[in-house]
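Hi everyone, thanks for coming. I'd like to walk you through a structure, so please have a look at it on the screen.

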Amino acid sequence: MIALPAPKPDILARRGEIIAALRALVPGDGVIEEAIRLKPYETDGLSAYRQMPLAVVLPSSTEQVATVLRYCHEQGIRVVPRGAGTSLSGGALPLADAVVIGLMRLNAIHEINYADRYAVVGAGVTNIGITKAVEAEGFFYAPDPSSQLACMIGGNVMMNSGGAHCLKYGVTANNLLGLKFVTIEGEVLDIGGTYLDAAGYDWLGLITGSEGQLGIVTEVTVRILRSAEGARAMLAAFNSIEIAGAAVDAIIGSGIIPVALEFMDKPCIHACEAFAHAGYPLDAEAMLIIEVEGSIAEQDALLASIKDICARFDPISLKVAESAEQSLAIWKGRKGAFGAVGRISPDYLCMDGTIPTSELPRVLRRIGEMSDQYGLKVANVFHAGDGNLHPLIMFDANDADSFRRAEAFGADILKLCVEVGGCLTGEHGVGVEKRDLMNVQFQTHELAQQRAIKSAFDPDWLLNPAKVFPLQAAPQPAMAAE
Amino acid sequence: MMIAPPDEAGIIAAVQAARAAREPLAIEGQGSKRGLLRPVQAARSLSTRALSGITLYRPAELIISAQAGTPLAEIEAALAEKGQQLIAESPYFNAVFGTSAPPSIGGVVAANLSGPRRITWGATRDHVMGLRFINGAGEAIRSGGRVLKNVTGLDLCKLLSGSYGTLGVITEVTLKVLPKPETSATLLIETPDLTGAIAALSAGLGSPFGVSGAAALPTQGHVVAALRLEDFAASVAYRMDKLATLLGSFGAQRVIEDAESREFWRGVREVAPLAAMPEDAIWRVSVRPSAGPQIAAVASAIGGRVMLDWGGGLVWIAASPNMANHAAISSAAQAQGGAAMLFRAPEALRLAVPVLPEEAAPIAKIGARVKEALDPGGLFNPGHMRAA
């Protein structure tokens, strides 16, 4: 289990006074203190970890966020920012002495400008909510994490979220123009704007993906893009992981950049097929879903080229969608992959390492061996174009030993990702989950450099404590989370 | 005096020596952008020019790594051999700065300079997947890595990109690359004025046809709006037809292809129409595209000439190098919610005015702490971005 820092006793002792002060700053029903109403905030997408917070505040404006932060800073109160609470790395896990600042009430769309192709939205607008707001005009917001129905743009910025289509459109960081950003001292800053390449240091780039360590984002200016004329998928199934990997290399080598290039291994194919009945070939060792964009004629031409390439690798099955409906059917299994695995196992951990794509066969072979060692099943989904691997480790949360083994298995996979030249996390963030593995990827002085930059924004380390950075050799005794 | 160590250990030794002696260093690569920003006040310069060579290139993984001093042209040539290219179309500003020094890849990243493709495919900083740099304590720091998707820890790649050597000495960079498109074609539309040209560019960029370059060039009596398509030949042919139909009402059209199209965009990338008059200063203004014409109007009022890229959102202005012109352009940019940078000017003007816009006090305060965290002795490029 991952240790959380000991709560500050003086803060716990002053809970009533702190809640009264917060109520004065955020009038109405914006402060939550009753245990039953705090319960939904005790965890996020990493539900194995739970901790009730001191209180939850739900500000309805940037100014309220600023006053709450100013107060917490003055009083030395720790703060945990929260969007929709979908983090898979425990990025929004509370602490017993921390105030959770929930941003879901900042859910207004402030401006949409089609001529200049941007939208200004509150941090609490959902990812899909942006696309919904602009799709009637043929536009969309590109990054599409699989939690996009629920997750909020403020959280996307904090975690630099990706999705299945980043191979062509990039991740969150590549689709932002500006932020309204509140420092721990309660200063409201405009970072970037409505234009490209702000002058001076790239604060926008540094803040994006900083996991709530530097400040709180209340408003986001995103780029909106015109959708392609259409998109269509194909499915290609192969006899081995190596062969599927070689097919991916050949597709990229041909000069075609599909908008999505997804890889599933056999256990994943089986889980998804049982769940979605998408018509996936059950005898395949590996399967690719490849999506291209353009007019019907362009789609035909690209899919024909990709089909020809795949045909050189002795495929078990090649299926090109003939219509948008068939395309959806191909995607249905993949989009439901996490739910499908949830159906065959009471619990699973979703890992998120990235590897050089050439290492895929070796990494999947090693994961298979580890699966035997740990006695836990694993299914692998992989954004094959960009090397982002999602092993889903199946375990039983009611069995403490099973959870312990699952965590150890996950850590071994991530160490392997780093060993082959990759990294701990491609899109889910370090959070609390991978915090103690940071020493695997970074040397001590490199982490010290990152900490020093964090300190420049948050000198007292009040913002989202116990995430991202390993706890320092603790001056206070550490306490295990339940 | 210039120090140009042959390896990273030499860079570290030079930084440590400067730290011990408390002597600042001017940090540079090949020196091709020495005319950019404020002149650095340092007796010694530390160059990465001798750190040269591609260290890793995996075409199938769309990744290339090179030591910081590697000439941009060497990287482009290696990529071209495998049918690939740098995504952000990094400019050579040799004509702008009147130098024959070849730009280095480290310098391109340190200045985060991007060409026309930036409007659709992102800036240089968007494609920096990994960096090694030496901080002011003389430590080698890595950020990012050699994979395309990485959110592990704070993104120092972005912080260092565009920091002009003031936060660390970049020794190696890893960039995402993409296949070079089979062909390129450009639709040229003769529009009556800048507002019409920007409207045409906006309509093109808001179309589903994947416009990868959108520039407006005022010429005698009208403005040429240029929209580029890059893809497989069949796609370019199809999309050009659709795009031309869509934009039919904006003015007379002409299409240029292949070499002619590439040459046209090289000119846009390197600001060729403005660079030729060495006595003029050059400003680079970034605004939302529809504000481009207002910026251009202010430029005209001071007797300046303009060209616009990035759909109208990047306004290049050439005008007499004086403080009044700088003030007029800076306040116009600010009024439109954008930012102006004095890009080329005689040293005296660069020392006399803020070459970059001032930051708001709270962010400047954090910025000073971040600088202190990376370069505690204030060794690197003092006074380069802002007066001390």
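This is a predicted model: local features need pLDDT of at least 70, side-chain atom pairs count only at pLDDT 80 or more; totals for chains, interfaces and linings use all residues.

The scores for the model are an ipTM of 0.98 and a pTM of 0.97. Chain B has an average pLDDT of 97, and 100% of its residues score at least 70. For chain A the average is 94, with 98% of the residues at 70 or above. There is one stretch to treat with care: residues 474-482 of chain A have a pLDDT below 50, although the model gives this stretch 18 contacts beyond near neighbours in sequence.

Now find the sheet in chain A. Five strands make up this open sheet, running in the order E6-E7-E11-E9-E10, with antiparallel pairing. Which strands stand at the edges? They are E6 (109-113) and E10 (188-192) of chain A; each has a single partner strand, so one side of each is left without a neighbour in the sheet. From one strand to the next, the twist averages 15 degrees. Let's zoom in on one pair: strand E9 of chain A, residues 176-182, pairs with E10(A) in the antiparallel sense over five bridges.

Over to chain B, and two helices. H11(B), residues 292-301, packs against H12(B), residues 323-335, at an angle of about 165 degrees, and their axes are 10 Å apart. That makes the two helices roughly antiparallel, since angles over 145 degrees count that way. H11(B) brings B:Gln294, B:Ile295, B:Val298 and B:Ala299 to the contact, while H12(B) brings B:Ala328, B:Ile329, B:Ala332 and B:Ala333. By class, that contact has seven nonpolar residues, one polar and no charged ones.

Finally, how do the chains meet? In the model, 65 residues of chain B are in contact with 74 residues of chain A. Several elements of chain B each supply at least two residues to its side of the contact, among them strand E9 (169-179) and helix H8 (233-246) of chain B. Which element gives the most to that side? It is H14(B), with seven residues. By class, the side of chain B that touches chain A has 30 nonpolar, 20 polar and 15 charged residues.

Conventions
Residues are numbered from 1 along each chain as its sequence is written. Chains are lettered from A and ligands numbered from 1 in the order in which they are written. pLDDT is the predictor's confidence in each residue, from 0 to 100. Two residues are in contact if their C-beta atoms, placed from the backbone, lie within 7 Å. Two strands pair if DSSP finds at least two bridges between them. Helices (H or I, at least four residues) and strands (E, at least two) are DSSP runs, numbered from the N terminus. Axes are lines fitted to C-alpha atoms, for helices over the stretch in contact, and angles run from 0 to 180 degrees between N-to-C directions. Angles under 35 degrees count as roughly parallel, over 145 as roughly antiparallel, 65 to 115 as roughly perpendicular and the rest as oblique. Ala, Val, Leu, Ile, Met, Phe, Trp, Tyr, Cys and Pro count as nonpolar, Asp, Glu, Lys and Arg as charged, and the others, Gly among them, as polar.
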